[in-house]
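Hello,

Here is the structure for you to look through. Please open it first, then read my notes below.

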Amino acid sequence: QVQLVESGGGLVQAGGSLRLSCAASGRTISSYAMGWFRQAPGKEREIVATIGWSGGSTYYADSVKGRFTISRDNAKNTVYLQMNSLKPEDTAVYYCAARSSLSASYGYWGQGTQVTVSS
């Protein structure tokens, strides 16, 4: 089992920055693909960014490309999401998730952290 705990959310003005962290425990995540997802009120959960087990492969949703950066430190069992140039439409609960190499879906999820961007 992998337990994930997100932190770093908060209230920020438009144009500001936040750095989210996702600390994993229970197992090393070095062999897991990791992702950040978000869900805004009244909307479905959407993918924000993903990163491969080695960190060499990343994916970004078009809405965050060029503003957000996903990274991982396998030695610290932690994944990060650096969010710059934040917009009010980035307001959402952000979730960290892990996908094992044996699975096609993300099977482990954190509890989420709230990000609110004021205009």
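Start with a charge over a ring: Arg99 lies over the face of Tyr106, 5.8 Å from the ring centre. To count, NZ of Lys or CZ of Arg must be within 6 Å of the ring centre and within 35 degrees of the ring normal. Likewise, the charged end of Arg45 sits over the ring of Trp109, 3.9 Å from its centre.

A note on the source: this is a predicted model, where local features need pLDDT of at least 70, side-chain atom pairs count only at pLDDT 80 or more, and totals for chains, interfaces and linings use all residues. Residues are numbered from 1 along each chain as its sequence is written, and side-chain values use heavy atoms, leaving out hydrogens and water.

Now the rings. Phe37, Tyr106 and Trp109 are linked into a cluster by ring pairs. Rings of Phe, Tyr and Trp (its six-membered ring) pair if their centres lie within 6.5 Å; planes under 30 degrees apart are stacked, over 60 edge-to-face, the rest tilted. Phe37 and Tyr106 have centres 5.2 Å apart and planes at 75 degrees, so they are edge-to-face. Trp109 is partly exposed, at 28% relative accessibility.

Last, the disulfide (cysteine sulfur atoms within 2.5 Å). Cys22 is joined to Cys96, S to S 2.1 Å. Both cysteines are buried. The link is left-handed, with -75 degrees about the S-S bond.

Best wishes

Definitions and conventions. Buried < 20%, exposed > 50% of the residue type's maximum accessible area, 1.4 Å probe, protein only.
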